[in-house]
Amino acid sequence: MAAVSYKPYFSAGLKEWIFTTDHKKIGIMYGVTSLIFFLIAGLSALAIRLELYQPGLQHMSEDTYNQALTVHGVVMQFWWAVGIWSSFGNYLLPLMIGARDVAFPRLNALSYWFFFAASVLALLTLLPGNHIKMMWTGYPPFSLNDNAGPTAFYALIVHMLGASSLASAINLVVTNLTMRAPGITLKKMNLFLHSFLAMNVIQILGVPALAGAVTMLLMDKYFQTAFFDPTRGGDPLLYQNLFWFYSHPVVYVMILPAFGLISEMIAVFSRREIFGKTSMIIAIWGIALLGFMVWIHHMFTSGVPDWIRILFSYTTVLIGVPTGIKIFNWVFTLYKGSVRFKTPMLYTLSAIFMFLIGGLTGIPLGLPAFDIAVHDSHFVVAHFHYVLGMSLTLAAFGGFHYWYPKYTGRMYSELWAKIGLLLIMIGSNLFYFLQFIVGLEGMPRRYADYPPIDSWIWLHELQTIGSMILGFGIIVAVLNLLLSTKLGKKAEDNPWSSPSLEWLVPSPPPPHNFDKIPHMPEDWDPYNYEWLEKQHRKH
Amino acid sequence: MKEVLAYPANYWQTMYEIWLIISVVIYLVVFLPAAYFLVKYRYRKGINEKAQHVEESKALEVLWTIIPTIVVIYLATQSFAFYRVQRNAPEGALEIKVTAFMWGWEFEYPNGKKVFSFFNSVVDPEKNVYLTTDKVNDMFKAYIPEGRPIKVLCTSRDVIHSFYVHPAKVTEDCVPGRITHLWFQINKPGDYWVFCREYCGTQHSKMAAVLKVVPKEEFENWLQQGVQANQENSKHNL
């Protein structure tokens, strides 16, 4: 296509990486940071599982356990489940809409460096004396207590990440709405773009509530205000309301992009347009809207009035409807397709079925009659590890494999990728399915130790074995991706034959993305696979 | 009704079974067609190289919007009906005031008798491991009459805790500055766990207590004993 050959975007010196405003380099930097923190949080998870293998404390003190759990929660939520989408969004969004960069490239660099600053702060909490042990929720009055560790770290980390998220969200929304190449109408945007749009709108609306909550926390602890301190007339539940007003919608910030990736991959590998695309878009926005109306289900046992619990139980279970629509549409996308079982497709199918289990076990948590017994138990933990832990991670890893040739110009090893996925699926299902059962039997969450109840012991033993298999699978998958950057075969420009715009430029893309801004013809559509064949025939 | 170990756990059990059946059905409704499509429409050279065009189906879209809506609204309404019973203690329940603190529980009975249970009352002091319920010293156990509804009024002295009665499958947070409530009834004598379910710091995972469920007469005797001893003690102090 291009007569002039360019250096690939990633061959740049250290200085160029640090001062870059190129969305592709920033996307890669987000991805690397995110992945490093994913591995740190994963290691702390394995330490937690090792401790829970048997009742009693064998490997660490309670405080160390509580710190490891706090690190695991905060890092997995903010660096992995939210952070990894900054990587995909930054790298792919401009390519998909035919733009040379995001709307505000320097603001984009600032977003990343805020994220980096938060990462440095997070690493500082690992030093002795800085340990935070208040869980990722940071509920007062506990977080005002010295037992929780330095609350300032927590508040500042949230502020740094919040500034990064807000800037990045505004940037991507503006880019998406104003910089689409001619011919890419709102209707012709792919579902990746639609989900990232909805996700960023949630960020813009939600982050201020969390920022407010942690600011009040900071002032309560260090400046003698009394927003949350009941001994001086404050109300601890105010924090929970503010916290969950953001922190429930944030789970859709995490999962909507995963849905976007799933939609891209399932369409390409079925060689068919997404079934019911319009209803998919309506479902995305339905989830985003309903997502703001359900936060009380995190507080079903917190002492809020009973009628509020009932009201929110209806709104909560209704979220199952748009989510169900998405799953049914994915299944019917396979119908009369020509399904190819490449690694990204296997990841996608795994993500859908993990999400199905996670979704079905989420419904009873919205029913107070059920939740009354399992609130803050391992059942809840297993639920969100199916949806966020596994479904999201599988979608993200599917995305790594799917866009791998785009990022690196090389192909990963298909065999090792499949072995990695197999280990991940065996390990995670052994681990998290038994976690449901131990939760139903009453095991409370955030317990460093537990009483020697026979069924709890063997359930925990098998869970720990499952978690080790899962960890091993992740290592295989990550090593394959890393080693293939050197050992992988050269990839074609468009190995999956996708008409989506990011695949119509060379892989890896030239530094400026497009020689000239493309004009997409009338018959083009990101899911129109026949259009691509026609183009090939023309040449 | 005697075969039910504890109320209101029976309502939870019914809710659980309803949900489980519906979930398994939904799982199969999604999984079976998906598995069929994956096999039938897999790529095969010369046979299925290209996808066929499929018209969008409004009927299907409407179907899988309406049916799930009906199902979830039914579930929420069923839960509403059960929850009324699970939340509201029956008339004549014995009221016990529970005050949670870092890290232990204070139980106060209507006649003023108090029982304290600390995080180290449920562990072996030398090995720092949990004891089984029968090994915990009786003086740290909260006695509960068999077959009588108990209403717990809960609050906290410091941070948020949560009172979870293991056999009765009920939990409610104990929030400083508020009084929350829950009820339960245990129909078989024995020792049962209570756990803290809201993270509260270093000893959160040892913040348990034991409920000793005894026949009604034995409970009455136990309730009076403690108070007499207290009164005698206070005489000496005077």
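**View 1. Two domains of chain B.** In this predicted model, the centres of domain 1 of chain B and domain 2 of chain B, taken over C-alpha atoms, are 42 Å apart. Domain 1 covers 6-87 and domain 2 covers 94-237 in chain B; such bounds come from an automatic or database domain assignment. Six residues of domain 1 of chain B and eight residues of domain 2 of chain B make the contact (two residues are in contact if their C-beta atoms, placed from the backbone, lie within 7 Å). On the domain 1 side, strand 1 (6-7) and helix 1 (9-40) of chain B each supply at least two residues. Helices (H or I, at least four residues) and strands (E, at least two) are DSSP runs, numbered from the N terminus. That side of domain 1 has five nonpolar, one polar and no charged residues. Here Ala, Val, Leu, Ile, Met, Phe, Trp, Tyr, Cys and Pro count as nonpolar, Asp, Glu, Lys and Arg as charged, and the others, Gly among them, as polar.

**View 2. Chain A against chain B.** This contact takes 65 residues from chain A and 70 residues from chain B. Several helices of chain A each supply at least two residues, including helix 3 (62-97) and helix 7 (236-247). Helix 11 of chain A gives the most to this side, with eight residues. By class, the chain A side has 38 nonpolar, 17 polar and ten charged residues.

**View 3. An open sheet in chain B.** Six strands line up in the order 1-11-8-2-3-4, with mixed pairing (two strands pair if DSSP finds at least two bridges between them). Strand 1 and strand 4 (114-118) of chain B stand at the edges with a single partner strand each, so one side of each has no neighbour in the sheet. Strand 3 (residues 104-108) and strand 4 of chain B are antiparallel, over five bridges. B:Phe107 has B:Val115 of strand 4 as its bridge partner.

**View 4. Helix 3 of chain A.** This helix has a kink of about 35 degrees, centred on A:Met76; the bend at a residue is the angle between axes fitted to the seven residues ending there and the seven starting there. Of its 36 residues, 33 are buried, so helix 3 of chain A is largely enclosed by the rest of the structure (buried: 20 or more other C-beta atoms within 10 Å of the residue's own, all placed from the backbone). After the helix comes A:Gly98, with a positive phi near 75 degrees.

**Notes.** Residues are numbered from 1 along each chain as its sequence is written, and chains are lettered from A and ligands numbered from 1 in the order in which they are written. Local features need pLDDT of at least 70, side-chain atom pairs count only at pLDDT 80 or more, and totals for chains, interfaces and linings use all residues.

Technical notes:
A residue is buried if 20 or more other C-beta atoms lie within 10 Å of its own, exposed if 12 or fewer, and partly exposed in between; C-beta atoms are placed from the backbone.
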